[in-house]
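Dear colleague,

Please find the structure below, together with its sequence.

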Amino acid sequence: MEQRDHGGGSVTLRRASSRRGAPHAREVASDEAKRPTPGQLAHVAMLLAEVLAFTQPADVLLSRYFRTHPGLGARDRHVIAETVFGILRHLRFLEYMSGSRAPRPLLLAYFHRIQGMSLRGLAPLLNAGEAEQVAAMRAGSSEQAPLAVRADLPDWVVERLRTVLDEATILALGRAMQQPAPLDLRVNTLKASREDVRARLAAQGLAVTPTPFSPVGLRLVGKPAIQHHPLFTAGVIEVQDEGSQLTGFLLAPTRHERVADFCAGAGGKTLLLGALMHSQGRLYAFDVSAARLAKLRPRLARSGLSNVYPQLITDERDARLKRLTGKFDRVLVDAPCSGLGTLRRNPDLKWRQTPDSVAELTAKQARILAAASRLLKPAGRLVYATCSILPEENESIVENFLAQHPEFQLIPANQVLARQHIALDTGAYLELSPALHATDGFFAAVLERTP
């Protein structure tokens with residue numbers, strides 16, 4: 001019997017044994033398939049030393065490392081990337097098992113406790129004395145570890161979550177965040193229907209299913225290189241998490257309205273709003289970053305939309321915004337946030353964010369929400385959204401805003417979605433969790449200005 005622990009409860013694996021006491025052929029083959037080469041292991045250790053400083057996003061460091069090591073083949077890059085991100089997803093558990101945050105012990109703990117490689121299978125990779133270290137990891141368990149270790153989250157994040165969630169829910173959330181995210185697509189309904197796109201992808205051998213909540217979403221199994229697919233290059237599909245798609249349906253813009261995407265970024269939600277408006281009316285994409293807006297332009301060209309107007313602003317106090325006071329029917333505020341709802345994709349974020357950085361973000365979120373609200377006409381609708389799981393970035397921001405702006409009222413998100421025949425009820429707020437909904441962690445509130 002072998003206990004394989006994945007950062008929480010143990011899973012018992014029954015190992016068939018040979019009557020002669022030799023290692024089972026299936027186990028040996030499994031270990032050989034999982035085992036990296038010494039060269040791959042050395043590259044992972046070097047890269048981890050940079051990543052674990054948490055000074056830059058892991059994907060940025062990974063891309064830079066591959067550029068500076070052009071001799072790495074596709075298989076090498078795959079193993080290196082998967083190992084680095086696997087360690088980031090399970091970092092607290094691996095530290096707990098190995099007693100170290102040094103790259104080498106973390107690597108051994110990862111392949112032994114997460115990948116399930118036996119001591120025999122790891123033997124060709126071990127240096128002197130490391131067999132004893134691995135044996136000690138094998139005997140360890142995290143059953144009695146603190147909740148933050150079992151959920152693989154920083155202590156301060158767990159403390160914040162405890163104010164709104166019970167221990168079992170936090171643990172389920174943390175474990176769901178450890179799993180890689182599926183690949184969600186949004187169908188551009190200006191160019192095709194969801195069923196047509198689904199049939200075309202399935203005919204090409206791609207396993208694809210409709211997303212359960214978004215009426216324009218598809219979910220792919222695996223990670224095909226969809227950016228090179230003809231449907232992508234033609235603007236028929238875009239990569240967008242289902243939770244992100246639902247924020248557009250909360251805003252629910254209609255033809256001929258004037259709409260603002262206040263923090264448009266690279267424009268994922270902007271493109272959805274434009275399609276919901278049938279490329280009519282006027283849709284302004286505001287952002288403070290020229291680089292992000294530049295990324296919107298080729299996506300906009302592919303989409304076929306003609307009602308989108310990208311606008312670079314200096315900040316939420318820009319004079320151009322003041323001239324637009326009271327001019328908009330609907331405003332989306334996809335606020336800059338900690339991103340802690342996206343840990344399935346960006347597991348290093350939980351170690352790069354701090355209580356201080358979140359405090360700075362909440363102050364910015366409050367300012368942006370107040371500025372965006374001034375754009376609305378009487379009876380206009382505003383949706384405030386984040387990809388955070390922290391209450392101070394979500395409910396607290398909305399509650400404080402409503403206390404200071406009695407001319408606004410909260411419209412229950414479940415009612416807005418029900419009117420669009422979307423069968424999802426998380427209450428007055430849209431609160432999505434990877435543990436419950438297989439989406440990123442998302443929050444959204446629907447606010448309307450009194451007539």
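Which residues of the largest nonpolar core touch the most other members? They are Ile80, Val84, Ile87 and Leu94, in a core of 37 residues. A nonpolar core here is a set of buried Ala, Val, Leu, Ile, Met, Phe, Trp, Tyr and Cys residues joined through side-chain atoms within 4.5 Å. Buried means under 20% relative accessible area, exposed over 50%, and partly exposed in between (1.4 Å probe, protein chains only).

Please note that this is a predicted model, in which local features need pLDDT of at least 70 and side-chain atom pairs count only at pLDDT 80 or more, while totals for chains, interfaces and linings use all residues. Residues are numbered from 1 along each chain as its sequence is written, and side-chain values use heavy atoms, with hydrogens and water left out.

The helices α2 (38–51), α3 (58–68), α4 (74–89), α5 (91–98), α6 (103–114) and α8 (130–139) each supply at least two residues of this core. Helices (H or I, at least four residues) and strands (E, at least two) are DSSP runs, numbered from the N terminus. The greatest contribution comes from α6, with 7 residues. Ile80 is in contact (heavy atoms within 4.5 Å) with Gln40, His43, Val44, Leu47, Leu62, Phe66 and Leu72, leaving aside residues up to four places away in sequence.

Helix α6 deserves a separate look. Because 11 of its 12 residues are buried, α6 is largely enclosed by the rest of the structure. Among these buried residues are Pro103, Leu107, Tyr110, His112 and Ile114. After α6 comes Gly116, with a positive phi near 75°.

We turn now to strand β14 (residues 442–449), which is mostly covered, with 7 of its 8 residues buried. Two strands pair if DSSP finds at least two bridges between them. The partners of β14 are as follows:

- β11 (residues 376–386) pairs with β14 in the antiparallel sense over 6 bridges, and Leu382 has Leu447 as its bridge partner.
- β12 (residues 408–411) pairs with β14 in the antiparallel sense over 4 bridges, and Phe408 stands opposite Arg449.
- β13 (residues 430–432) pairs with β14 in the antiparallel sense over 3 bridges, and Glu431 has Phe443 as its bridge partner.

Yours sincerely
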